[in-house]
Amino acid sequence: MRPRNVWQAMSAPGFLLSAWPWRAVAYLLTGAFAGAVTLVGLVVVVTVGGALSVVVVGLPLLVLTALAGLPVARLERLRLRLADRAPAPGLPRRQPTAYGPWPWLTTRLREPASWRDLGHALLLATVLWPLDALVVTAALALPLATLATPLLMATVGDGEEAKVLKQWTVTTWPTAFGAAVLGLLLLVLGAYALGLAAGARAALTRVLLGAPRDATLDARVVELTRSRVRLVDAFEAERRRIERDLHDGAQQRLVALTMTLGLARLDAPPGPLADQLAKAHGEAGRALEELRELIHGIHPKVLADHGLAAAVEDAADRSAVPVDVRLELPGRLPRAVEAAAYFVVCEALANVAKHSGADRAKVTGGHRDGRLRLQIRDNGRGGAEDRARVGAAEPGAEPGADVDAEARAGSGLTGLADRVSVLDGRISLSSPPGGPTLLRVEIPCEWTTEPFA
Amino acid sequence: MRVDDRTLRVVLAEDSVLLRDGLTSLLARFGHEVVASVGDAEALVAAVAEHAPDVVVTDVRMPPGFQDEGLRAAVGLRERRPGLPVLVLSQYVQRSYAAELLDSGDGTGVGYLLKDRVGQVEEFVEALAEVADGGTVVDPEVVRQLLRRRRDPLARLSPREREVLALVAEGRSNGAVARQLVVSEAAVGKHIGSILAKLDLPPADDTHRRVLAVLAFLRA
């Protein structure tokens, strides 16, 4: 596994020969530089702003200084990638309520993240960058200087003498090379020290800039996610059980009933009794038909027996709008994935028939790179985004303006989007007014049976 | 009331005792003999080997897996005994099942019906006799679903021709089709000739070509 940060890399063999020591050096060096520049910048701006505040124009400058943390934090996040590949999400930021510089400014000045960023910038400008510089000097410059002893002796010292670290004097070649070996050892030590320091510095930046992590909250999210998966599984199992029970029970009895009624009709003499029998026979037949449709809607057998591609073909057969199906699914996928994808296709086709006014629809897709991808498109009038705000399920988004319309037309898809998201999948809908409408489903999954060619 | 004079020897595979008994008495009512009635696919294969029946009637879903064991057994039986007439009963419409079944053998002597149809007792027994005589019977519901698709090569057919083909796919004779559509039998013959030509079916024995037309219809 590739190490994600410098500390992980240090515990792995081959650290010295990897890019990580260089990354650590780069991280600390750029840190020292960025900190120094920040310090200069802050001092200049505050001085100029303070001086000009006498003539009022300085005040806006000072206000802007309060937001100096923003670009610095941005830069620090970028730099952080040198020492730590994992993303460092910050505190959530508010969206300005309107466009323009003034709403942006007031929003930024009011939110805590800006002040945290400023605090971080001040810390960087005063304490952190000298430390960065110190560590690089101690762990890199000193070993290098020691390592260079023979070189110094050969050049500056005319082969006679050399000063190691300007402290003690070396006069013979063996001692000079001894010093070089010592320098090499120090360099190895220095590489680890640099790694240690860069890792610590990255961790500190992450704490200062990142959102606080609440361990109990994390545990709760994990538990909720798991229970959601369990619920969907239970829901799926329940549907299958109901389908089986209806099939083995009520459906068989109704078939037997229509058969008995059919036989009775053969023997009944023409008259009111035969008419009543014929009526009962017809009713029983219709009940059977309705039950068959009901069972199919609960959990289609073709999905369980033949998989997603066959089930989608079947759904296309039933659609009022002609549907072309082109799916490349040579094997079987996990049951939950097949069921979720199937019901998304059914809902999409139902919406095509009900709302789109399309006279043609197409279902395409397949499985590649560990993901099932399906697209359902039609040539209708579009505008489905207004009817079904699938995106409203995103955290933090404003609730849909027309909740009633959403409940009417979009609840089917919203429910399915929830179901797909349990499987770590996504649904996206593109439906500009005038069409066409395109619905995409993406679910990460692996084959459960080996696909055959 | 006998639809067919012949007494058919039937092997019946159906896991529900209720339906097994019902079907047995229904067939007996029409003078056919159920020589063996079994409850799972394995017993079906054994019973066919033992009794060499005129026709097999089997449910799709049977123990142990309650998936498509009956269908698998039917396809397997037809591979081992080409021309063995098999009527498959299914509780739901499934085009791929129908196609799979019709692909077994040369597509003659097979039927695929919704289980509901056994309630229409006379039609059911008629269909059974048709299958036993080497006919091809496909449930009208399957045919109806297929008609909605309207894809090539069927797009070339006129609406009337599609109507005729749908009825042929249900296993009806030219005379029956003519009565249903209230046209002359000669007109039906002309339509069928035109359908076969449009589907590029080779000139051969007419029954065989009819089956091929139905297959083209199902695969579309």
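**A walk through a two-chain predicted model**

Pro64(B) sits in the chain B loop that runs between strand S3 (55–59) and helix H3 (69–80). Helices (H or I, at least four residues) and strands (E, at least two) are DSSP runs, numbered from the N terminus. The peptide bond that leads from Pro63(B) into Pro64(B) is cis, with omega near 5°. Most peptide bonds are trans, and most residues other than glycine have a negative phi.

This is a predicted model, in which local features need pLDDT of at least 70 and side-chain atom pairs count only at pLDDT 80 or more, while totals for chains, interfaces and linings use all residues. Residues are numbered from 1 along each chain as its sequence is written, chains are lettered from A and ligands numbered from 1 in the order in which they are written, and side-chain values use heavy atoms, with hydrogens and water left out.

Two residues have a positive phi without being glycine. Val182(B) has a phi of about 55°. Its place is the loop between helix H8 (174–181) and helix H9 (185–198) of chain B. Val182(B) is exposed, at 73% relative accessible area. Here buried means under 20% relative accessible area, exposed over 50%, and partly exposed in between (1.4 Å probe, protein chains only). Asp369(A) has a phi of about 50°. That residue lies in the loop between strand S4 (361–368) and strand S5 (371–378) of chain A. Asp369(A) is exposed too, with a relative accessibility of 70%.

Now the interior. A nonpolar core is a set of buried Ala, Val, Leu, Ile, Met, Phe, Trp, Tyr and Cys residues joined through side-chain atoms within 4.5 Å. The largest one holds 50 residues. Leu44(B), Val88(B), Leu101(B) and Val164(B) touch the most other members. Helix H7 (residues 159–169) of chain B gives the largest share of this core, six residues. Back in chain B, Leu44(B) touches Val11(B), Ala13(B), Val38(B), Val56(B), Thr58(B), Ala73(B) and Leu77(B). That list leaves out residues up to four places away in sequence. Contact means heavy atoms within 4.5 Å.

Chain A has 14 helices and seven strands. Of its 453 residues, 41% are buried. Among chain A contacts with a separation of 6 or more, 69% join residues 24 or more positions apart. Chain A exposes about 24800 Å², and carbon and sulfur atoms supply 65% of that area. Accessible areas come from the Shrake-Rupley method with a 1.4 Å probe; for residues, only the protein chains shown count as cover.

Next, the interface. In chain A, 33 residues are in contact with 35 residues of chain B. The area buried between the two chains is about 3100 Å², with 49% from carbon and sulfur atoms. Buried area is the accessible area (1.4 Å probe) that two parts lose on being put together, summed over both. Met259(A), Arg292(A) and Asp317(A) supply 22% of the area that chain A buries against chain B, more than any other three residues. Three salt bridges are counted between chain A and chain B. Each is a side-chain nitrogen of Lys or Arg within 4 Å of a carboxyl oxygen of Asp or Glu. The side chains of Asp267(A) and Arg29(B) form a salt bridge at 2.7 Å, N to O.
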